[in-house]
Amino acid sequence: MRFRLLKRNFLALLAVSFVVLTLLLSTRVLVVSDNATGVASSQGTHSGDSVKFDFSSLPQLTQSVYNANYKQCILNEDRFPGEPQLVLLVQVHNRPEYLKLLIKSLEKAAEVHSFLLIFSHDYFSEEINSIVQGITFCKVLQIYFPFSTQLYPSEFPGQDPRDCPRDMSKDNAVKTGCLNAEHPDSYGHYREASVTQAKHHWWWKLHFVWERVQAMQGYSGFVIFLEEDNYILPDFFHFYKSMMEFRKNSCPDCDLLALGNHKVLTDFNRLSNKVLTTGWMSTKHNIGMAISKEVYYKLMGCSNDFCTYDDYNWDWTLQHLSGTCIRKPLKVLAAQGSRVLHTGDCGLHHKESCRPEWASLKVDEGLQMVKDSLFPPSLVLNGAEAVEHKAHVKNGGWGDVRDHILCNNYVKRL
C-alpha cells in the first residue's frame, strides 16, 4: 500500500514537472520563431512604435506577447533621451478607468519627463494598450506576463477543467482523480487560477525588470512599485529625492522606501514632511514601495521560500521572508504623508461595482485640501520603531506544487 502511494506521488510530481517544462519550452519556441521571422538575433531595446498585437486567436496573441517582451520598444525615447532619473513599475490587470486616473496623476507630476514608466500587463486588450500608448509626457515600456490565465484559459496556469474544485475534500478529490488531489492548501482548499495570478505576476515582473529589461542596464536608483488603481501626488518625485537624501545621511541601513500608506489625506498637512523608520509590514508599506537592486538580490536568494509559502498574496509572503529567509528583518523608511493614494474600490478582494468617477472626485477634493503642503523643503524623522519579524497567519491559496515549480522557474534565464 505504501509503495502504491509513493508511486502515485512520484507520478504526480513527474506530471507536474512535465507541464512546467512544456510551458518553459514553449517560451523558447516562441522566441526562436521571433528570430526566424527576421527580428534581430540579439535582444535589445528599440525605440519607435510598439509591437502590433494580434488578438485573432490565442496562438497569435501569445506570439504577440513574446514578441513585445523580446523587442522591448520604448515609446517617446527620441523625445526624452538620456538615462531615466526614476523608474516606476505598474502592475496592470483590467481596470482601464482606474488606469486612466493613474496616468492623469503621472502627467501632473513634477519632472515626469525624466521618468521611465514600465507597465506590466497580465490582461491583454486593445483598449488598455491604446490607453498606455497614448502617453506622450515621458518614456514608456510595456511588458507582458507570459503565463497569464488569459493565454491558458483551460490548462495550467489557468483553470484546468480537470483540476479539483476549490472546496472538495481531499478524500473525495483522491477518489475522483482530479489533477491536483494531493496538493490542497493549508486549509484544505484547492487552487483558483484567478487568485494565484497576482503573486505569479508580481514575482515574474520583479525578476524580468531587473534582469531582462535592457533600459534598466546601468540604472542605480530604486524601482517604485505601483498598481493600476494608484494615484500619485504632484510632488512625488521631489519627495522621493528627499527620501533618498534622508536615507543617505540618516538611515543608510534602510532597505526599502514606502512613498505611500493606506491613510487618507485628512491629516496630510501636519504629516507632509514626516517620515518614520520601522520594520516592513504588508498592511502598511505595500503601496508605493521602492526596491533597490541590492534588496532584489536578497529576494532572489529566497526564491524557493517565496514560491512555496502558502499565501496567495505577494505582500504577506514578503513579510514572512523578512526575518526568516532574509535573516535581518527588512527596514523601511516610510512617508507619513502619503504620496500615493489608493483609488480602487473593487478588485480581487472587493467584488462590488467599480465607481472610478467617485474616486476621481474624492482625489480632486483631497488635492485642494493639501496643495499648500506639497513640496516640503526637508524631511523630519517622526519616529523610529523596532525592526523585527512580524509573524502572521498565512492566508493559504498557494498549496499547489505546480504553482511552486512555475514560480521558481521565473528566476532562471529562459
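"Buried" is the word for a residue with under 20% relative accessible area, "exposed" is over 50%, and "partly exposed" is in between (1.4 Å probe, protein chains only). This is a predicted model, where local features need pLDDT of at least 70 and side-chain atom pairs count only at pLDDT 80 or more, while totals for chains, interfaces and linings use all residues. Residues are numbered from 1 along each chain as its sequence is written, and side-chain values use heavy atoms, with hydrogens and water left out.

**View 1. Glu111 and Lys241 form a salt bridge.** A salt bridge here is a side-chain nitrogen of Lys or Arg within 4 Å of a carboxyl oxygen of Asp or Glu. For this pair, the closest N and O atoms are 2.9 Å apart. Glu111 sits in the loop between helix 3 and strand 4 (115-121), and Lys241 in helix 7 (residues 236-250), so the pair ties together parts that are 130 residues apart in sequence. Helices (H or I, at least four residues) and strands (E, at least two) are DSSP runs, numbered from the N terminus. Lys241 is partly exposed at 37% relative accessibility, and Glu111 is partly exposed too, at 36%.

**View 2. Lys100 and Glu97 pair up within helix 3 (residues 96-107).** Their closest N and O atoms are 3.3 Å apart. The two are three residues apart, so about one helical turn separates them. An α-helix has 3.6 residues a turn, so residues three or four places apart point the same way. Lys100 is partly exposed at 39%, and so is Glu97 at 38%.

**View 3. Asp160 meets Arg162 in a salt bridge.** The N to O distance is 3.0 Å. Elsewhere, salt bridges that share partners link Arg95, Glu228 and Asp229 into one network. The structure holds 16 salt bridges.

**View 4. Helix 12 (residues 314-321) is largely enclosed by the rest of the structure.** Six of its eight residues are buried, among them Trp314, Leu318 and Leu321. What do the buried residues of helix 12 pack against? Their contacts (heavy atoms within 4.5 Å) include helix 6, strand 6 (223-227) and helix 11 (303-308). Just after helix 12, Gly323 takes a positive phi of about 105°.

**View 5. Helix 6 (residues 193-211) is largely enclosed as well.** Of its 19 residues, 16 are buried. From first C-alpha to last, helix 6 reaches 26 Å, close to the 27 Å expected (1.5 Å times one less than its number of residues).
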